[in-house]
Amino acid sequence: MSDTESFYNGDLFAEPSDYYKPPPEPHFATYVRETVPETSENQSKEVKLRLVGSSPLWGHLLWNAGIYTAKHLDLHPEQVQGKYVLELGAAGALPSVIAGLLGAEKVVSTDYPDADLISNIQYNVDHNIYGGEELSQDEETRSKQIAERKVVVEGYIWGNEYEPIVKHLPDGQKKFDLIILSDLVFNHTEHQKLFKTTKDLLKDDGKALVVFSPHRPWLLKEDLAFFDNCREFGLKSELIELTHWKPMFDEDEETVEIRSSIYAYYLTHC
């Protein structure tokens with residue numbers, strides 16, 4: 001057989017059958033509430049979260065910081081009951097769901113406007129707060145549903161205009177009682193945007209709950225600088241707790257003490 005014949009016996013440019021691997025499927029994680037306050041509007045103990053199969057924004061994992069935040073809210077329901085709550089970088093949105101179950105007046109759950117990420121947050125809200133009732137495809141009906149819901153989902157880039165967020169607040173109100181920042185501190189290049197967004201959207205007597213684990217031990221100093229540098233934006237930090245859980249990943253033993261750390265802070269206006 002000639003070289004020319006060998007080219008035309010098959011498709012020269014065809015990719016191997018296994019060249020394009022399908023993306024990982026979404027998966028589920030169940031969070032069990034250890035403490036369900038008697039005052040909670042919903043006494044559900046289990047929260048089943050769907051997580052995207054993969055995400056460059058790390059939204060495919062249920063992080064220790066998110067679990068800690070959920071536990072903290074259940075232990076301190078007064079922080080959210082009847083309050084206006086904003087979550088930035090929600091990922092699987094466990095804290096947003098817990099705030100909704102506890103009876104927040106309004107929760108705006110946000111993350112980067114990636115279609116898969118946002119639709120996944122919406123799924124978790126629909127199935128944990130609204131019994132699986134999905135938003136209508138009819139624009140008018142959908143808008144009415146969103147207006148009536150206490151937990152809503154928005155794509156949002158930190159530091160951008162606030163209208164997509166504050167439009168869910170009552171007329172004339174532009175700020176929140178509680179802003180949740182769970183495992184966002186690692187993103188050092190975005191600190192100033194987080195400070196600005198938090199300062200601008202936090203009520204004068206409000207609090208921002210910031211929880212994180214140092215996933216890159218060699219950058220712990222830069223992580224902790226967040227809580228000093230916030231003063232440049234008129235915010236002050238207060239350490240709530242430093243605790244240790246099993247780290248998210250099994251890596252070198254030398255850094256396990258740092259990686260197992262969970263830091264929890266409040267930010268308030270100076």
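I began with Gly 89. Not counting residues up to four places away in sequence, Gly 89 touches Thr 110, Asp 111, Trp 158, Ser 182 and Leu 184. I took contact as heavy atoms within 4.5 Å.

Before going on, I noted that this is a predicted model, where local features need pLDDT of at least 70, side-chain atom pairs count only at pLDDT 80 or more, and totals for chains, interfaces and linings use all residues. Residues are numbered from 1 along each chain as its sequence is written, and side-chain values use heavy atoms, with hydrogens and water left out.

**Binding-site entry**

I looked up the UniProt record. Its unreviewed entry lists Trp 63, Gly 89, Ala 90, Ala 91, Asp 111, Trp 158 and Ser 182 under "binding site". UniProt positions are given in the numbering used here, feature names are shortened, and annotations may be inferred rather than shown by experiment.

I placed two of these residues. Gly 89 sits in the loop between strand 3 (84-88) and helix 3 (94-102). Helices (H or I, at least four residues) and strands (E, at least two) are DSSP runs, numbered from the N terminus. Is Gly 89 buried or exposed? Gly 89 counts as buried, at 11% relative accessibility. Buried means under 20% relative accessible area, exposed over 50%, partly exposed in between (1.4 Å probe, protein chains only). Trp 63 lies in the loop between strand 2 (46-51) and helix 2. Trp 63 is also buried, with a relative accessible area of 12%.

I found an open sheet of seven strands, ordered 5-4-3-6-7-9-8, with mixed pairing. Strand 5 (151-155) and strand 8 are the edge strands, each pairing on one side only. On average, neighbouring strands of this sheet are turned by 20 degrees against each other, direction ignored. Two strands pair if DSSP finds at least two bridges between them.

Ser 109 stands opposite Val 153 in strand 5.

I then checked what lies across the sheet. Helix 2 (residues 64-75) lies across strand 6 (176-182), strand 7, strand 8 and strand 9, and runs at about 135 degrees to strand 7. Axes are lines fitted to C-alpha atoms, for helices over the stretch in contact, and angles run from 0 to 180 degrees between N-to-C directions.

**Strand 9**

Strand 7 (residues 202-212) pairs with strand 9 in the antiparallel sense over five bridges, and Leu 209 stands opposite Tyr 266. Strand 8 (residues 235-244) is also antiparallel to strand 9, over nine bridges. There, Leu 242 has Tyr 263 as its bridge partner. Nine of the nine residues of strand 9 (residues 261-269) are buried, so strand 9 is largely enclosed by the rest of the structure.

I picked out Tyr 265 in strand 9. Tyr 265 is buried, with a relative accessible area of 12%. Its C-alpha is 6.0 Å from that of Leu 209, 56 residues apart along the chain. Leaving aside neighbours within four places in sequence, the contacts of Tyr 265 include Leu 209, Leu 224, Phe 227 and Leu 239.

**Helices 7 and 8**

Last, I looked at a helix pair. The axes of helix 7 (residues 191-201) and helix 8 (residues 220-229) come within 11 Å and cross at roughly 35 degrees. His 191, Leu 194 and Phe 195 in helix 7 meet Glu 222, Phe 226 and Asn 229 in helix 8.
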